[in-house]
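Here is a short briefing on one protein chain. Keep the structure open while you read.

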Amino acid sequence: MINLLPKLTGTVTKQVVSHVSRPIVSELPVAAAKIVINPPPKDTSPGNLCRQIPNNGIVASFGLTSPSQVRFAHTDIQVPDFSAYRRESVKDSKKSNKNSDESRKAFTYLLSVGGSVTGIYAAKTVVHEFVSSMSASADVLALAKIEVKLGDIPEGKNVTFKWRGKPLFVRHRTSEEIETERAVDVSSLRDPQHDDDRCQKPEWLVLLGVCTHLGCVPVSNIGDFGGYYCPCHGSHYDAAGRIRKGPAPLNLEVPPYIFKDETTLVVG
């Protein structure tokens with residue numbers, strides 16, 4: 001917008017006082033008008049501003065109550081046609097298209113269901129992989145259960161195996177050891193347990209070789225009670241793995257195990 005004429009302000013009045021009984025008459029303001037200014041002939045030389053003035057002239061309007069202004073009328077702008085991208089059901093502006101295209105609804109429902117199924121499957125895969133990453137590794141699972149050949153352990157001896165990264169004690173007890181441990185007064189023990197509650201078969205004692213004080217590994221067949229002794233802090237266990245002396249608060253742990261047959265022990 002280019003202002004060519006200054007803005008006119010105020011009003012034009014004329015007072016006539018010929019008789020005291022006649023009122024003062026004010027003349028009406030001049031009505032607004034328009035002026036059309038034809039542009040000069042086009043000059044195609046570079047840098048000439050006349051090249052940018054439209055051919056149909058400049059329209060200038062002015063008036064007492066309106067600002068003077070000049071508007072360029074651009075008639076050479078073409079509106080793009082997007083008809084090729086529109087559906088047939090929406091090309092007619094006078095026709096309602098709410099229920100006119102059932103095929104689009106079917107496509108929308110199919111796309112929604114397909115996207116939902118894909119999202120659920122992807123979420124299930126992510127959760128499964130996350131949970132699997134926290135499970136035990138293959139080498140740990142391979143040691144989840146071990147079999148022990150009982151015929152390889154002589155009477156009165158204790159053999160140490162590795163199970164789930166921990167030492168496993170399997171002791172073939174003599175009849176004297178069995179009688180001695182059964183005769184112990186349970187009420188005098190720090191962690192009261194009868195010998196029969198710790199052994200499925202009296203001659204076989206299965207224990208985890210981890211001291212319940214600070215996790216050290218006890219030594220078998222020594223100590224004040226002929227069972228196990230932890231040299232780190234002086235905890236003494238009997239031949240049933242029960243704490244009898246020292247700082248350990250609990251008996252040695254008995255892992256889950258079964259006798260597969262008369263000569264095979266399965267731990268885990």
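Predicted model: local features only at pLDDT ≥ 70, side-chain atom pairs only at ≥ 80, totals over all residues.

The protein chain has 268 residues, and 24% of them count as buried. Its secondary structure consists of three helices and 13 strands.

**The chain as a whole**

- The protein chain exposes about 18800 Å². Carbon and sulfur atoms supply 58% of that area.
- Take the contacts between residues at least 6 apart in sequence: 49% of them join residues at least 24 apart.

- The largest nonpolar core has 14 residues. Leu 168, Leu 265 and Val 267 have the most contacts inside it.
- Five strands each supply at least two residues of this core: S4 (146–149), S6 (166–172), S7 (204–208), S12 (257–261) and S13 (264–267).
- Which strand gives the most to this core? It is S7, with three residues.
- A second, separate core has 12 residues. Among them are Leu 207, Cys 211, Tyr 228 and Cys 230.
- Now look at Leu 168 and set aside its neighbours within four places in sequence. Its remaining contacts include Ile 146, Val 206, Leu 207, Leu 208 and Val 267. Val 159, Phe 161, Trp 163 and Pro 255 are also among the residues that Leu 168 touches.

**A three-stranded sheet**

- Three strands form an open sheet in the order S4-S13-S12. Their pairing is antiparallel.
- S4 and S13 run antiparallel and are joined by four bridges.
- Find Val 148 next: its bridge partner in S13 is Leu 265. Leu 265 is also one of the residues with the most contacts inside the largest nonpolar core.

**Helix H3**

- Helix H3 covers residues 175–182, and its buried residues are Glu 177, Ile 178 and Glu 181.
- Seen down the axis of H3, these buried residues fall within an arc of 100°, so they line one face of the helix.
- On the other side of H3, Glu 176 and Glu 179 are exposed.
- What covers the buried residues of H3? The cover includes S6, strand S10 (235–238) and strand S11 (243–245).

**Two residues with positive phi**

- Most residues other than glycine have a negative phi.
- Arg 164 has a positive phi of about 55°, although it is not a glycine. Arg 164 lies in the loop between strand S5 (158–163) and S6.
- Is Arg 164 buried, partly exposed or exposed? Its relative accessibility is 47%, so Arg 164 counts as partly exposed.
- Asn 221 is not a glycine either, and its phi is positive, near 65°. Look for Asn 221 in the loop between strand S8 (219–220) and strand S9 (226–230).
- Asn 221 counts as partly exposed because its relative accessibility is 35%.

Key
Residues numbered from 1 in each chain as written. Heavy atoms only, no water. Core = buried A, V, L, I, M, F, W, Y, C linked by side-chain atoms within 4.5 Å. Buried < 20%, exposed > 50% of the residue type's maximum accessible area, 1.4 Å probe, protein only. Contact = heavy atoms within 4.5 Å. Areas by Shrake-Rupley, 256 points an atom, 1.4 Å probe, with all protein chains shown as cover. Arc of directions from axis to C-beta. Pairing = 2+ DSSP bridges.
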